[in-house]
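Me: Hi, I've just opened this one and I'm new to it. Could you walk me through it?

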Amino acid sequence: MSLVRPSDPSPLSYGSRKLYSLNGTKNAPDLSAQRFGSEMHRSESYEKYFLDFPIEELSISGVSGISNNSFHPNAASYGRTCDSDSACLEITSPEQLDFGDDQVRLKLQELERDLLGEPDAADYDVEMLANGQAMEIDSEWANSIKDALLHDSPNESSSTDSNFSTTGSNKDASQMSSQNPREMLLECAFAISEDNFDEASAMIEQLRGMVSVQGDPSQRIAAYMVEGLAARLLASGKCLYKALRCKEPPSSDRLAAMQILFEVCPCFKFGFMAANCVIIEAAKDEKRIHIIDFDVSQGTQYINLIQMLATQPGKAPHLRLTGVDDPESVHRPVGGLKHIGQRLEQLAKALRVPFEFQAIASNTSDVTPSMLASRHGEAVIVNFAFLLHHMPDESVSTVNLRDKLLRMVKNLNPKLVTVVEQDMNTNTTPFFSRFVETYNYFAAVYDTLDATLPRDSQDRINVERQCLAKDIVNIVACEGEDRVERYEVAGKWRARMTMAGFSSCTMSQNVTDPIQKLIGEYCERRLKMYEEMGTVHFGWEEKSLIITSTWR
């Protein structure tokens, strides 16, 4: 069953032209429209390549004059479906690490400390984020949770070292009711990490009366995180994650939700823009380029790339794009890889960009160099966009599929490798530290939505349910192979890429300057961009959300 309800019919269906702007920006409400003026219709004319319109109805008016430095925050946004191979990776390996082996655990924790330093106690300070007003959780969400949770015995969680402290092991109801959602969430997570399941269960019941998926940001994120804690307590995280993941083919409503997320949370879009600009630079003197993408998803990243290639001086290089997806997803009529390839082919033909698309029906972990079929004279470029964190590493299995994939790609001798990831440390960190990291990260994402969409917006509720809840529940409730959302921070990706034999490439000002200018027009006060050790960070206020890096 699904925890995601179809949105009511509204003007915002997939491919909608509705625009969003950040509250308090120096621009008037229609931010994108005013800033780009006549360029508006250009992006609109490409959105139809991802709608189910007949091909003969497609038009390409207003194509000329798109600058390679033009970025369109109102363009169809890159979306990542729940049904991609990477998002639904299920790997069973007989060679599991024995976490009873203290040496293995200590080794991983030593590596963690070397890369990140000791945890900062300030990260765990409890702040007043809510007004304490009691709100009941959305009834549909609560009923769906009850249906999805399996009432098993509590799953033991190993206690973790942390700087979090409590004033007592047990709190009465009056003490708990005086706390805000964030403070109680942290205490509940800490209680679970210490195997205090009765105390945690009481806090969960209390929290459910304090939060709402339609409240302020702290209440909304708490509504989903508390159900993640409940799922962990009942050992049912895998069941709940699968329900949220929704293995059935994606609907237009879901695609619309993902499109909205990447429109109203611009850090995601800027990450893709940076990757595309670096690819354009690498392809400048090439006659043929071969891009390998292990998670093409809806292919919207390549709409912008094909536009940019069409406007470069001289003849556009021949672009061959190879996409990988699981066999079931490749042939889907909506959102399937072959369907996406056909849309991209139509766009490239209209813009006179030589283009070839190859769909590989395979799990990412099973791909071999021979399947990618590199050709003589092609410059190979590999694009890892929100893919690598789904690959299990040495902390999950001795097979270490993450490093295996990187070594395979290195043997292809690519001219360029781009990595776009969420800047969050949820892979090998102990449960409580991971919980705090998850809260801090998604709190910034929810603040982004709060600055852009009204709290009673059905679009916003759909985004939070269909795009964010899945990751939150998996990170909080699942362990071992069931925990597939294994994000890492920039320093750890840098170490992993270097160990695989790659060298970091610094992005040129031709890439960073136009994006920095666009950020200033979006919301310079709250939206941030900075470069550190070859990695470009895109963040909201002081929290880094998305990182883009390039390698050779």
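Reply: Happy to! One term to begin with: a polar contact is a pair of N or O atoms within 3.5 Å, where one must be able to donate a hydrogen and the other to accept it. Keep in mind that this is a predicted model.

Me: Thanks. Which side chains does Gln 422 join in a polar contact?

Reply: The Gln 422 side chain has a polar contact of 3.2 Å with the side chain of Tyr 441. Another, also given as 3.2 Å, joins it to the side chain of Tyr 487.

Me: And where is Gln 422 found?

Reply: Look at strand S5, residues 416–422.

Me: Is Gln 422 buried or exposed?

Reply: Gln 422 is buried, because its relative accessible area is 3% and the cut-off for buried is under 20%.

Me: Let's zoom out. How many helices and strands does the chain have?

Reply: There are 20 helices and nine strands. The chain has 552 residues, and buried ones make up 61% of them. Among contacts with a separation of 6 or more, 81% are between residues 24 or more positions apart.

Me: At what angle do H8 and H18 pack?

Reply: The angle is about 40°, and the axes of H8 (residues 217–233) and H18 (residues 458–477) are 9 Å apart. H8 and H18 are therefore oblique to each other. The crossing is right-handed.

Me: Which residues make that contact?

Reply: From H8, they include Pro 217, Ile 221, Tyr 224 and Leu 229. From H18, Ile 461, Glu 464, Ile 472 and Val 476 are among them.

Me: Now H20, please. What does it reach from its first C-alpha to its last?

Reply: Helix H20 covers residues 509–523, which is 15 residues, and reaches 21 Å, close to the 21 Å expected. Its buried residues include Val 511, Pro 514, Leu 518 and Cys 523.

Me: Changing topic: which way does phi usually go?

Reply: Most residues other than glycine have a negative phi.

Me: So what is the phi of Ala 373?

Reply: Ala 373 has a positive phi of about 50°, although it is not a glycine. You'll find Ala 373 in the loop between helix H15 (369–372) and strand S4 (379–385). Ala 373 counts as partly exposed because its relative accessibility is 33%.

Me: How about Met 533, what is its phi?

Reply: Met 533 is not a glycine either, and its phi is positive, at about 55°. Met 533 is in the loop between strands S7 (527–532) and S8 (535–540).

Me: Why does Met 533 count as exposed?

Reply: Because Met 533 has 59% relative accessibility, and exposed means over 50%.

Conventions. Residues numbered from 1 in each chain as written. Predicted model: local features only at pLDDT ≥ 70, side-chain atom pairs only at ≥ 80, totals over all residues. Heavy atoms only, no water. Helix = DSSP H or I, 4+ residues; strand = E, 2+ residues; numbered from the N terminus. Buried < 20%, exposed > 50% of the residue type's maximum accessible area, 1.4 Å probe, protein only. Expected span 1.5 Å × (residues − 1). Axes fitted to C-alpha atoms, helices over the stretch in contact; angles between N-to-C directions. Parallel < 35°, antiparallel > 145°, perpendicular 65-115°, else oblique. Left-handed = near helix turned anticlockwise from the far one by under 90°. Contact = heavy atoms within 4.5 Å.
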